[in-house]
Amino acid sequence: MSEFVGVLLPLPFNDVFDYKVETTDNVVLGSIVRVPWGREQQIGVVWKLGKSSDLDEKKIKPVAEVLNFPPLSDELRKFIGFVAAYNMAFLGLALKMAISAKGAFDGAKTTTLYTLSGKTLAEAKLKNSDARWRVIELLKHYPYTRAEIAAGAGVGQSVIKTMIDAGVLSPIIVENKKEYAEPQGDFYKVGLTAEQQAAADILVGKIGEGFSVTLLDGVTGSGKTEVYFEAVAKALDNGKQVVITVPEIALTSQWLSRFERRFGVKPACWHSGLGTRERADTWTAIAEGRAKVIVGARSALFLPYSDLGLIVIDESHDHSYKQEDGVNYQGRDMAVVRAKMENFPLILATATPDLETLNNVEEGKYDVVKLGSRYAGAELPSINIIDLKKDKPQKGEWGTSWLAPSLVAALKENLQKGEQSMLFLNRRGYAPLIICRDCGHRIQCPNCTAWLTEHRNSKSLVCHHCGHSVPIPKTCPECGSETGLTACGPGVERVAEEIRFRFPEARVKIISSDITSTLADVSDVIKEMEAGNVDILIGTQILAKGHHFPSLTLVGIVDADLGLMGSDLRATEQTYQLLSQVSGRAGRGEKKGTVYLQTLYPENAVLKALLSGNREEFLSLEKKTRRLLKLPPYGKLAAVIVSGNNREQTERVAAWLGQCAPNTDSITTLGPAQAPIYMLRGKYRYRLLLKTAKLIRIQEVLRNWLSRINIPNNVRVEVDIDPYSFM
């Protein structure tokens, strides 16, 4: 007699779908199954035992296959449910993040190798030949696949088939399992300072003692990584798996080499750059408990670990932990939830903690361990503010200059001393805007309300929102002028152009996501920097991601004001974090570093805090502002984004939402208003912002509000709990 199960699919649904199985002997909650779905098949997870719908039993399709993987644990399924409910996302899309390894389910489970059976060519009644003897010589050492035998012995498949059919070669069936060597906690003991050892002892003491969250708050260059490595070693000694998350672009060969030096092997990696096969191998090894340490981006938090004992969130302040596509979630916060559900410790490591984390420390929810000194006696860099109103950049033969004379002089002196310099500008490309001087036309993206950025290296104009790209036009598209088109403002490519004109002998490299587009590309530049083969490194915010360059003694921040004038509630905090992290790249070796910040607003609180080194003064001011406005962490926010292809219909839905929006003493709704990027990827966009007191359950308010109107199928209403982007 057939039995029924409810299967959750990795699709935008909240409900399970009924399927039948002949027996539930090999089916449990969490079992990974393959099921028919229309004309195709889908991988899903058994989420419920028994029938959930009123569908006629005769119409319920059978499960096609119960896959041979460990079932998702009760804790992981509970975590997936929480992520979906808290972030108001589809349950199926939250599940998708846990089983995002298609190759693991579709690939062959075994491989056939061939070895010598012991039967001679004479016994098999085969003639001696050079080809057959080359096969025999090859297989005297190891078994190989048919393709490997053909390549290694230089023979055709017909030679191999004949030897198999005659019984000279025997098949061996092996499982397709990539081996992951276990990291050794005591492989290489690093000499820690007294301050580091005290911090490490506290973190090690948390391992195996249940749930806790500890902020590892250390100045740049204080050796936070080596300190939390001690806690990783303890978790490994206890036989547990460990997850270390880093901002994805920081996962370079430099970081992996530090890990390998400490633990003897490289960790398993999880990030968007993995190929299908590697992703499948890693996912399978994690699920089966064979991969002990996993280092990756925020998505690594959702993998099906068999015995997780520690999560480390490195650079925990970084805004890349906030996902804004598919399921909107804050990875740092979801990591805390998973650690609590599975009862193990969590470490947040950063030099610039965010206000939410600091507020949790103040309220006693999180512990804190501080590192106030740089490793090996290195000094913090000296900070110099360059007032661009007084120290104005001078034009040169290349055209407009973007560097003040004092910064140019410092770069020249550093070059003469043979020391490395770095210039930071958080703007990709050559110029952020192309304008016609004759008619005033600005070249805009046809799909977005955004200007196209000039990328001179690729000779194209690119939209950084939707990816639309066109060749750089020779004439103005509006008036046809052949001389009017002009680049406005600098990007990293334009700064590099000036540097190459000023210092033709300097070895210059650029790090930017459009030029060094992969982790391998970034790693190559970092290796050159470490080897001393780069004199001046120019880049975007990738440079702030924890890289260690001992010979770097000068950092120039080309536009310290970029980001300070944004409407984002976190604009000043994020700018402070970014500038602090970039400044912290200087002077990490034996020589003291110097930082120059170019600005038009030297009295800005962020810049004054950097200059004085008084983080607490800046944070105190930021807290007062947030408290006054009842913004996170002293209140709650949720964004409601309405988008659609039809402008009038999209506007109408946004207006309906505004008309029935909740407003009380503790709940305020702002909007609707056209989004700053009104059109994005061809869709019109409106935004509303819900603001509540801290104790209000904002998800319940949203559900009640959104249930009051019928939303047409061609209009999308998206919710973003605790938004980071207001565009």
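## The second largest pocket

The second largest pocket has a lining of 36 residues, and those nearest its centre are Tyr86, Asp333, Asn360, Lys365 and Lys636. This description rests on a predicted model. The space in the second largest pocket amounts to about 1200 Å³.

Several helices and strands each supply at least two residues of this lining: α1 (74-86), β14 (327-330), α11 (331-342), α12 (355-362), β28 (636-644) and α20 (698-706). Of these, α11 gives the most, with 6 residues. Sorted by class, the lining of the second largest pocket comprises 17 nonpolar, 6 polar and 13 charged residues.

## The largest cavity

Rolling a probe the size of a water molecule over the atoms shows where empty space is left. How many cavities of 30 Å³ or more does the structure hold? There is 1 cavity of 30 Å³ or more, and the space in the largest cavity is about 40 Å³.

The lining of the largest cavity consists of Ser316, His317, Asp318, His319, Gln330, Arg332, Asp354, Glu356, Arg570, Glu573 and Tyr724. By class, the lining of the largest cavity divides into 1 nonpolar, 4 polar and 6 charged residues.

Strand β14, which supplies residues to the lining of the second largest pocket, is joined by 4 bridges to strand β13 (residues 322-325). The two strands run antiparallel. Within this pair, Gln323 is placed opposite Tyr329 of β14.

What lies between the two strands of the hairpin? The hairpin of β13 and β14 has 1 residue between the strands, and Gly326 takes a positive phi near 80° there.

## A sheet of three strands

An open sheet is built from 3 strands in the order β20-β21-β22, with antiparallel pairing. From one strand to the next, the twist averages 30°.

The pairing of β20 with strand β21 (residues 460-462) is antiparallel and extends over 3 bridges. One of the residues involved is His455, whose bridge partner in β21 is Ser460. In a regular strand the side chains alternate between the two faces of the sheet.

## The crossing of α12 and α18

Helix α12 also supplies residues to the lining of the second largest pocket. At what angle do the axes of α12 and helix α18 (residues 615-629) cross? They cross at roughly 90° and come within 12 Å. Angles of 65 to 115 degrees count as roughly perpendicular, and α12 is therefore roughly perpendicular to α18.

From α12, the contact involves Leu355, Glu356, Leu358 and Glu362, while α18 contributes Leu619, Glu622, Lys623 and Arg626. The residues of the contact of α12 with α18 comprise 3 nonpolar, no polar and 5 charged. Glu356 of this contact is also one of the residues that line the largest cavity.

## The crossing of α4 and α6

A further crossing involves helix α4 (residues 130-139) and helix α6 (residues 157-165), whose axes come within 10 Å and cross at roughly 70°. The two helices, α4 and α6, are therefore roughly perpendicular to each other.

Which residues of α4 and α6 meet? Ala131, Arg132, Val135 and Ile136 of α4 meet Val159, Thr162 and Met163 of α6. The contact of α4 with α6 has 5 nonpolar, 1 polar and 1 charged residues.

Key: Residues numbered from 1 in each chain as written. Heavy atoms only, no water. 1 Å grid on protein atoms, 1.4 Å probe; cavity = no way out; pocket = protein on both sides within 12 Å on 5 of 7 lines; lining within 4 Å. Points joined across faces, edges and corners; volume = space filled by probe spheres on them. Nonpolar A, V, L, I, M, F, W, Y, C, P; charged D, E, K, R; others polar. Pairing = 2+ DSSP bridges. Axes fitted to C-alpha atoms, helices over the stretch in contact; angles between N-to-C directions. Parallel < 35°, antiparallel > 145°, perpendicular 65-115°, else oblique. Contact = heavy atoms within 4.5 Å.
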